[in-house]
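Have the viewer open as you read.

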Amino acid sequence: MPVKQGKFITFEGPDGSGKTAQLDILADELIQDGYPILKTREPGGTAIGDQIRATLLDLKNTAMVDRTEALLYQAARSQLVEEIIRPHLAKGGIVLCDRYADSTLAYQGYGHRNTMESLQGIIHYATGGLIPDLTILLDLDPEVGLQRRLDAGGVNRLDSYDIHFHQRVRAGYLDLVQENPERWVIVDAGRPINQVQKELREILLQWLTSWGY
Ligand code: TMP
């Protein structure tokens with residue numbers, strides 16, 4: 001019997017939404033429950049992608065122009081899709097990815113005001129048209145998110161863009177949800193970590209069951 005194609009789940013949200021920490025806990029629990037989970041992240045997730053990530057997030061790279069930024073994200077993405085994501089999906093596995101193409105639309109599109117058409121073109125080129133089956137938006141007021149990042153001492157080059165940039169990113173995410181509501185679930189990330197964690201787990205288990213896992 002042919003192996004069924006796996007499922008691709010992405011997690012999006014403004015900086016400081018707690019996405020990465022939440023995803024770590026969630027993935028560990030689902031693996032313990034026996035689900036064939038592979039957790040990865042963008043930009044990064046491969047040796048080449050991690051080098052591109054370092055360039056993208058380095059606070060010293062103030063000279064980076066918008067188009068260079070957009071293209072570097074796609075370069076890291078194409079490597080991740082071919083090396084990691086597609087092979088796991090081909091085995092029938094579940095991929096949980098911390099950010100994906102919607103981050104490009106929100107940050108480089110709404111944030112930097114590049115046109116959606118040009119970004120859709122380079123995203124398609126980078127991914128070969130791979131679209132997530134489910135995307136969870138950890139929604140948060142960007143002021144709260146950036147304060148969390150400052151408190152944690154982990155500010156990167158993208159965080160350092162002004163608050164209006166981050167407000168456009170959040171509004172962008174909410175627009176993207178409106179355009180494709182069947183693919184998205186919004187989770188309020190302004191609540192205590194354990195509440196958010198509980199809701200994330202319930203959502204994931206519901207979708208995994210509906211897919212026959
Ligand atoms: P993070 O790993 O802390 O989320 O950092 C990644 C940063 O890169 C974050 O500020 C969002 C940004 N980003 C983009 O601007 N475009 C993209 O396509 C991706 C994947 C991330």
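Of the 31 residues in the largest nonpolar core, Phe8, Ile85, Tyr107, Leu130 and Tyr173 touch the most other members. A core here is a set of buried Ala, Val, Leu, Ile, Met, Phe, Trp, Tyr and Cys residues joined through side-chain atoms within 4.5 Å, with buried meaning under 20% relative accessible area (1.4 Å probe, protein chains only). Helix 3 gives this core its largest share, seven residues. Apart from it sits another core, of 23 residues, with Phe11, Ala27, Leu134 and Leu138 among them.

A quick note on the source: this is a predicted model, where local features need pLDDT of at least 70, side-chain atom pairs count only at pLDDT 80 or more, and totals for chains, interfaces and linings use all residues. Numbering runs from 1 along each chain as its sequence is written, and side-chain values use heavy atoms, leaving out hydrogens and water.

Now for the rings. The whole structure holds six aromatic pairs, counted when ring centres of Phe, Tyr and Trp (its six-membered ring) lie within 6.5 Å; planes under 30 degrees apart are stacked, over 60 edge-to-face, and the rest tilted. Tyr107 and Tyr173 pair edge-to-face, at 6.5 Å centre to centre and 80° between the planes. Both of these tyrosines are buried. Tyr161 and Phe165 have ring centres 4.6 Å apart and planes at 50°, so that pair is tilted. Phe165 is buried too, with a relative accessible area of 3%. Tyr107, Tyr161, Phe165, Tyr173 and Trp184 form one aromatic cluster.

Technical notes: Buried < 20%, exposed > 50% of the residue type's maximum accessible area, 1.4 Å probe, protein only. Helix = DSSP H or I, 4+ residues; strand = E, 2+ residues; numbered from the N terminus.
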